Amino acid sequence: MKYTKNGGVITARLDIDDEIIASLEKICREMNIRAARVHAIGAVKNATVAMFDFEKGDYNENKLDRFMELLNLEGNVTEMNGETYIHLHAVFGDHDARAFGGHLKSAVIGATCEMFIEPVENVIDRVKDDKTGLNIFDI
């Protein structure tokens, strides 16, 4: 992984075997980023995505153990209880032009990932919402 500050934006390149969330957490820690918008494209060799099940109050996970294009990754960096909180959604495409996506739990780079991290000025905290069970913006 390599990254650099480009004006007010961090430009990052993740390499084969880098894990997306761990890499983003490392960049945020080293660059002292406490809130940001994140977007990326690339290719992965495996990923786990999830969908929140409101009846269970937990995520249903789907493991995607194959090479796929990372068609779109969008999300944000905030904080919860003083810790970095990474919230990402991803869409992947396979060799048959099928798309898969959801809340990103993990993804390992299979070729490269081109990421932009746009820090925002104020820290954004999260709280657990009693109605949904989700960790939402504390605005």
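**Figure 1. Arg-34 is partly exposed, with 41% relative accessible area.** Here buried means under 20% relative accessible area, exposed means over 50%, and partly exposed lies in between (1.4 Å probe, protein chains only). The model is predicted: local features need pLDDT of at least 70, side-chain atom pairs count only at pLDDT 80 or more, and totals for chains, interfaces and linings use all residues. Residues are numbered from 1 along each chain as its sequence is written, and side-chain values use heavy atoms, with hydrogens and water left out. The side chains of Arg-34 and Glu-79 form a salt bridge, 2.7 Å from N to O. This pair joins distant parts of the chain: Glu-79 sits in strand β5 (residues 68–80), Arg-34 in the loop between α1 (20–31) and β3 (36–53), and 45 residues separate them. A salt bridge is a side-chain nitrogen of Lys or Arg within 4 Å of a carboxyl oxygen of Asp or Glu. Helices (H or I, at least four residues) and strands (E, at least two) are DSSP runs, numbered from the N terminus.

**Figure 2. Arg-37 and Glu-74 pair in a salt bridge, with their closest N and O atoms 3.4 Å apart.** Arg-37 belongs to strand β3 and Glu-74 to strand β5; the pair links distant parts of the chain, 37 residues apart. Arg-37 is partly exposed, at 41% relative accessibility. Glu-74 is also partly exposed, with a relative accessible area of 26%. Salt bridges link Arg-37, Glu-74 and Glu-118 in a network.

**Figure 3. Arg-98 meets Asp-94 in a salt bridge.** The closest N and O atoms are 2.6 Å apart. Asp-94 is buried, at 12% relative accessibility. Arg-98 is partly exposed, at a relative accessible area of 45%. A search of the whole structure gives nine salt bridges.

**Figure 4. Leu-24 lies in helix α1.** Leu-24 is buried, with 0% relative accessibility. Setting aside residues up to four places away in sequence, Leu-24 touches Val-38, Val-77, Ile-86, Leu-88, Met-115 and Ile-117. Contact means heavy atoms within 4.5 Å. One of these neighbours, Ile-86, is 62 residues from Leu-24 in sequence and 8.1 Å away in space, C-alpha to C-alpha.

**Figure 5. The protein has one helix and nine strands.** The elements run β-β-α-β-β-β-β-β-β-β from the N terminus on. The radius of gyration is 15 Å, close to the 14 Å of the globule rule for 139 residues, so the protein is as compact as a globular protein of that length. This radius is taken over C-alpha atoms; the rule is 2.2 Å times the number of residues to the power 0.38. The C-alpha trace spans about 45 × 40 × 20 Å along its principal axes. Among contacts between residues at least 6 apart in sequence, 63% join residues at least 24 apart.

**Figure 6. Of the 139 residues, 37% count as buried.** The protein exposes about 8100 Å², and carbon and sulfur atoms supply 48% of it. Areas come from the Shrake-Rupley method with a 1.4 Å probe; for residues, only the protein chains shown count as cover. The protein has 16 positive and 24 negative charges, with mean positions 2 Å apart. Lys and Arg count as positive, Asp and Glu as negative; His and the chain ends are not counted. Each charge is placed at NZ of Lys, CZ of Arg, CG of Asp or CD of Glu.
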